There are 2 protein chains.
Amino acid sequence: MNLEIFYKTLSDIYTLNCVRSLLDWDQQVNLPPAGAAGRAQQLEMLSLLVHQLYTDPKFAALVDELSEKSAVLADDDRVSVREIKRNLDRQRKLPSDFVAEKSRITSLCYTEWTKARPANNFKAVQAYLEQIIELSRRECELVGYKEHPYDALLDDYEPYATLSQVKPLLLDLGEELAKLVPRIEAKTAGASVPNGVYPEELQRELCSRVLADMGFRFDRGRLDKTHHPFECSLGTDDIRITTRFDSGNYLSALATALHEGGHAIYEQNLPARHRGTPLGSPVSLGIHESQSRLWENIIGRSRPFAEYLWQVLAEVMPEESKLVSPEDLWRSLNQVKPTLIRVEADEVTYSLHVVIRMLLEEQLISGALSVSELPGAWDDMYQKYLGIRPAGDKEGVLQDVHWYSGMVGYFPTYALGNLYGALFFRTAQKEIPDLDQLIQSGRFGMVVAWLREKIYQHGMRYHGLELAQRISGEALSVRPFLEYLRGKHGV
Amino acid sequence: MNLEIFYKTLSDIYTLNCVRSLLDWDQQVNLPPAGAAGRAQQLEMLSLLVHQLYTDPKFAALVDELSEKSAVLADDDRVSVREIKRNLDRQRKLPSDFVAEKSRITSLCYTEWTKARPANNFKAVQAYLEQIIELSRRECELVGYKEHPYDALLDDYEPYATLSQVKPLLLDLGEELAKLVPRIEAKTAGASVPNGVYPEELQRELCSRVLADMGFRFDRGRLDKTHHPFECSLGTDDIRITTRFDSGNYLSALATALHEGGHAIYEQNLPARHRGTPLGSPVSLGIHESQSRLWENIIGRSRPFAEYLWQVLAEVMPEESKLVSPEDLWRSLNQVKPTLIRVEADEVTYSLHVVIRMLLEEQLISGALSVSELPGAWDDMYQKYLGIRPAGDKEGVLQDVHWYSGMVGYFPTYALGNLYGALFFRTAQKEIPDLDQLIQSGRFGMVVAWLREKIYQHGMRYHGLELAQRISGEALSVRPFLEYLRGKHGV
């Protein structure tokens, strides 16, 4: 049994993936404009090297051999082999000419999209998007599925989940939220938001203080500034996040820092002894998103957190703290109002944006909807679920990068993240005594310890829906999330 | 003739080397403390990949084949093949167990040195340094040499140069400078230096303005802050430099920015069509250093530059410009006084530090001096050449990282840089009309254009001493440098 070679290869792949992450992080944070072409070459080369290691026939044969003997493997090894085989099987089903064509079309479509969006011109990118949908449908057939072609796409982002599990949840969520939104909007209307001028230095200090209290380890990570915030893992001990600063509203940078910080704390707490293997890796995008949304929303927009935040504010921006009360902060953090842009949406309407995208994706893949009909269908969906209508494609169907860069099947994980997060937090409330008191005093250690025990330590041992069941004792549903929202807003 | 494969391999090696440069740059600029172990693994993996490409038997055979047929190659190809063969031949002469041992001992010695230096304790690292000198001597025998073993080491940093060429220059330089220093010291004594408090932001602005005027392309590079300043090439269009800021003296950050900027402008102006090949690469460390010292010292400490600098100061720090005259700036920039630490030395005494190191290196390699005798010999040399004596090894033999990280034969290139620089500038003065006037008004474009034509465009077509001869019409000597110093200080 060549487990040693198996793990050595995983370790090499991990090392190269960390390097690729640095190339990517640096591109978004530091790269001089003219450096883009060289960087693209560097990224391509690293991707090729990883691909070569992964699909080396000897390694593939080893994985198959280990998989056949998996009954005699130790538990940990069995999980690793299972997940690597799963990934490898998918890759082996995609012929290299398909991969090359998808890569080529995706790159062309993305470039066209970056021009089409500001020009408000869906037509300019329509033909490329048609090819991407066609390629996605071919991918479904190549990869295979049991029930619905869409399963083959979803599986790439939320392993083991199927449309028959996810769609009822999202439909349910859509209908309930559509009813809730007007009532919550009415209740939260008229809250004031910060409206001074807040130096970046102070905003950064505020974010750093809160992140440190949350448990983000600055000796094993960084906080930087970018236009598009993100979390990036360059290795177990080098987890970097970024935020952006709105000079007129410090709560915006803070919410982003909490969101990316949630992702980062997950990554920083994955078991280091399993680094580079499935047991040292995050479960899925949905579970990852549950962590960011748990911190950003469920904790970060709670009353106890507003109390805590006011105390930090009193130290970092004493003048500001004299102008606002914890209650003011809470109200600022909890305004709800239907808007057109997903990434600017509040905690309640956000999932509606996602439901719309999933329904459209499913129809595109099943063939019920053509790409030419997509903008109209998009606008109708916004009318139906949010009661508003985009004035143009820029704030409609062109707003998100995902489809135009080949990611179809990704969106549901955002809504799953909200559902997972609410389920986890409700369980934590039962299991951690005085949780509100801990949050109010900024002592988040127990929360991280709980998450580590329940989620982080397991790596990919359990898949998302399985993990939810294990942690909470019940199947994932929309109930905890809706109850959380109703409870918060008293509706 | 598989020139295509030859250039494709060079291109891949170049791409991986750029990635390695980013790993290195990021380590010095951004890496969180706990990320060091992971980064070391990443660097090791990249080095291994480059080594594999370079020493792949097929590639080596191709290089040999091309080299044998070099008479029928086009000029450009012949140069590339010549330099790659040269490098490959050196690598092939070093058995892998020798390389592994050198790498291991070097790493241990470096780690020990980082502790021995602050502890002022040469004894703690002596045994490791003995092994490094022994390994260097073995390297000389493995690589081979015509006249002196030291040639095999020097050749790695200043290709084609030999001790018989370099030693007389440095000995000459040492004797002449030792006589000059007391006279220049007396003339420059008592100049005032800036003594306010200068915010980093303003110092950065000052450096950036001057760098932009010099021709440093910020769209193809960056300026950052580190404790140890350096220049790093991540690709033709991504050349990064760093400086450090002394809050009480803006001239310190500026001189460093000019120095690193000189390196960077060389790198930014290497012919892009030859990137990754010897014709797109710098000649040698000595020629590289000539560029940094030309900008830092010969231009950057000249009277016309002081006039220009005062004008920039008047815009960036108007208050400061009211307190100093261009003459004050010039005097501040040109104080000369023997000191113990090389990296803090002034323009005149600097080369003496280097002469001392070369003489000691030569004796260590020839066996005339043992490592145990080194600290005493070091102190005696300082007494002889600079008239001062270190109080301990920390400010003596332990001050530089080079030997302790296995770099023996590197030091002479620093002094060669001064000699090359003075020769180049004297030629430029003859060939560029109104050069002083151009510098005084901050119009450096003609200087860069001249350097591009004379040096940058040729890549490694000519070696250092050959290039000096071609540009100036005379062999490299100490005369231009000494005349420059005598002229400046009127001694």
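**View 1. Y160(A), at 31% relative accessibility, counts as partly exposed.** By the rule used here, buried means under 20% relative accessible area, exposed over 50%, and partly exposed in between, with a 1.4 Å probe and protein chains only. The model is predicted, local features need pLDDT of at least 70, side-chain atom pairs count only at pLDDT 80 or more, and totals for chains, interfaces and linings use all residues. Residues are numbered from 1 along each chain as its sequence is written, chains are lettered from A and ligands numbered from 1 in the order in which they are written, and side-chain values use heavy atoms, with hydrogens and water left out. Y160(A) sits in the loop between α7 (149-157) and α8 of chain A, where helices (H or I, at least four residues) and strands (E, at least two) are DSSP runs numbered from the N terminus. Its phi is near 75 degrees, a positive value in a residue other than glycine. Most residues other than glycine have a negative phi.

**View 2. D434(B) lies in the loop between α17 and α18 (435-440) of chain B.** Here too a residue other than glycine has a positive phi, with a value near 55 degrees for D434(B). With a relative accessible area of 60%, D434(B) is exposed.

**View 3. In chain A, 3 strands form an open sheet in the order β1-β3-β2, with mixed pairing.** The edge strands, each of which pairs on one side only, are β1 (221-225) and β2 (231-233) of chain A. Neighbouring strands of this sheet are turned by 20 degrees against each other on average, direction ignored. Two strands pair if DSSP finds at least two bridges between them, and β2(A) and β3 (residues 239-243) of chain A pair in the antiparallel sense over 3 bridges. In this part of the sheet, S233(A) stands opposite I239(A) in β3(A). Helix α9 (residues 200-214) of chain A lies across β1 and β3 of chain A and runs at about 150 degrees to β1(A); axes are lines fitted to C-alpha atoms, for helices over the stretch in contact (heavy atoms within 4.5 Å), and angles run from 0 to 180 degrees between N-to-C directions.

**View 4. Helix α21 (residues 479-489) of chain A has buried residues that include F481(A), L482(A) and L485(A).** What covers them includes α8 (163-188), α11 (285-299), α14 (326-333), α15 (350-366) and α17 (412-431) of chain A. Just after α21(A), G490(A) takes a positive phi of about 60 degrees.

**View 5. The side chains of E101(A) and R138(A) meet in a salt bridge (3.6 Å, N to O).** E101(A) lies in helix α5 (residues 96-116) and R138(A) in helix α6 (residues 123-143) of chain A, so the pair ties together parts that are 37 residues apart in sequence.

**View 6. E362(A) forms a salt bridge with K167(A), the closest N and O atoms being 3.0 Å apart.** Because E362(A) lies in helix α15 and K167(A) in helix α8 of chain A, the pair ties together parts that are 195 residues apart in sequence. At 12% relative accessibility E362(A) counts as buried, whereas K167(A), with a relative accessible area of 24%, is partly exposed.

**View 7. D26(A), R39(A), D238(B) and R240(B) are linked in a network of salt bridges.**

Terms used
A salt bridge is a side-chain nitrogen of Lys or Arg within 4 Å of a carboxyl oxygen of Asp or Glu.
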